[in-house]
Amino acid sequence: MKKLFLLTFLFLCSCTASANTQGIIRVYDNTIYQNVKPMLMADFTKHGILTEDLPSFNPVDLFQKEWGLFTGRELYKKLTLSFRYPSKEESKTWTFASLKEDFTKTDMYNHGFIMERGLEKITVSLLGDLNWDGNDTLDWLVYCRFEQKATTDDLSKNDARPAREYLVVITDRTGEYWQAKPLIIRDLILFTHGQEATIYRNLTEQKQLALEPSLAIDFEAGQTQILDAPSTQDKPEKSKKQDKKIEENNLKEQSLSE
């Protein structure tokens, strides 16, 4: 019995090692993965990632931090929005957790979360891990979707809703904030029956900046607080004092000129 256990353990270790060296992606969210897999094939081929005939599964291992029940919460607290707003330097510290407001609802699940914020619905999910950059560390392939919420009210029912999907890779998860590199951006128009899509790939910095969305302010009827990007929430106290001093000087100069 002990020999059987040992052989089984060695076999599993060898499978894990071969998965790392052969560039096999281990799939966590198979539902979304199968939907976006055709868009990823060119990038997978370029990086030597094997996908054909690979069984998808949801591994759970208590000894590895990235497996199990806390992945969604880690993405929520550490993944930043720098991939969505590349021109905003402060977006490197904007996490999804920092978007939390009175009118925000977030549902966590094993490998991601769904957030409803104002008129926007956000879905974030870990599709799988893979050796993307050829080192000894497994990187994360993450799916992020931002869409206008569907309405059911007869007066405001929307038959055509805009949505944007990002497929991003996180290669460094050692810091307090995680930056993700976008591989593919897909714009969607969602209809009651079907959808239209435009795919942007081979993203250069110029193309990514051109696709950057505006910082829209979303609110719903009955809200007393407007939802916006958290650009001023974490502003240093020193900066606030400087702004106040400049404002006082401007007022003083204005009064002298009068």
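Analyst: In this predicted model, a salt bridge is counted where a side-chain nitrogen of Lys or Arg lies within 4 Å of a carboxyl oxygen of Asp or Glu. A search of the whole structure on that basis finds 11 salt bridges.

User: Why is the contact between Glu74 and Lys78 called a salt bridge?

Analyst: The closest N and O atoms of Glu74 and Lys78 are 3.7 Å apart, and the cut-off is 4 Å, so the pair meets the criterion. Glu74 and Lys78 are four residues apart in helix 3, which spans residues 71-78, and are therefore separated by about one helical turn.

User: What makes Glu165 and Arg186 a salt bridge, and which strands hold the two residues?

Analyst: The side chains of Glu165 and Arg186 meet at 2.7 Å, N to O, and the cut-off is 4 Å, so the pair qualifies. This pair links distant parts of the chain, since Glu165 sits in strand 6 (residues 161-170) and Arg186 in strand 7 (residues 181-190), 21 residues apart. Both Glu165 and Arg186 are buried.

User: Which residues are joined with Glu165 and Arg186 into one network?

Analyst: Salt bridges that share partners join Arg145, Glu147, Arg161, Glu165 and Arg186 into one network. One of the bridges is formed by Glu147 and Arg145, whose closest N and O atoms are 2.8 Å apart, and both of these residues are buried.

User: Why is strand 6 described as largely enclosed by the rest of the structure?

Analyst: Nine of the 10 residues of strand 6 are buried, and the strand is therefore largely enclosed by the rest of the structure.

User: What makes Tyr76 and Phe113 an aromatic pair, and how are the rings arranged?

Analyst: The rings of Tyr76 and Phe113 are 5.3 Å apart, centre to centre, and centres within 6.5 Å count as a pair. Their planes make an angle of 75°, and because an angle over 60 degrees is classed as edge-to-face, the pair is called edge-to-face. Tyr76 lies in helix 3 and Phe113 in strand 3 (residues 112-117), 37 residues apart. Tyr76 counts as buried at 9% relative accessibility, and Phe113 counts as buried at 0%.

User: Why is the pair of Phe83 and Tyr166 said to tie together parts of the chain?

Analyst: Phe83 and Tyr166 form an edge-to-face pair, at 5.1 Å centre to centre and 70° between the planes. Phe83 lies in the loop between helix 3 and strand 2 (104-109), whereas Tyr166 lies in strand 6, so the pair ties together parts that are 83 residues apart in sequence. Phe83 is buried, with a relative accessible area of 1%, and Tyr166 counts as buried at 1% relative accessibility.

User: Which residues do the ring pairs link into a cluster?

Analyst: Tyr76, Phe83, Phe96, Phe113, Phe146 and Tyr166 are linked into a cluster by ring pairs, and the structure holds eight aromatic pairs.

Key:
Residues numbered from 1 in each chain as written. Predicted model: local features only at pLDDT ≥ 70, side-chain atom pairs only at ≥ 80, totals over all residues. Heavy atoms only, no water. Buried < 20%, exposed > 50% of the residue type's maximum accessible area, 1.4 Å probe, protein only. Phe/Tyr/Trp six-rings, centres within 6.5 Å; stacked < 30°, edge-to-face > 60°.
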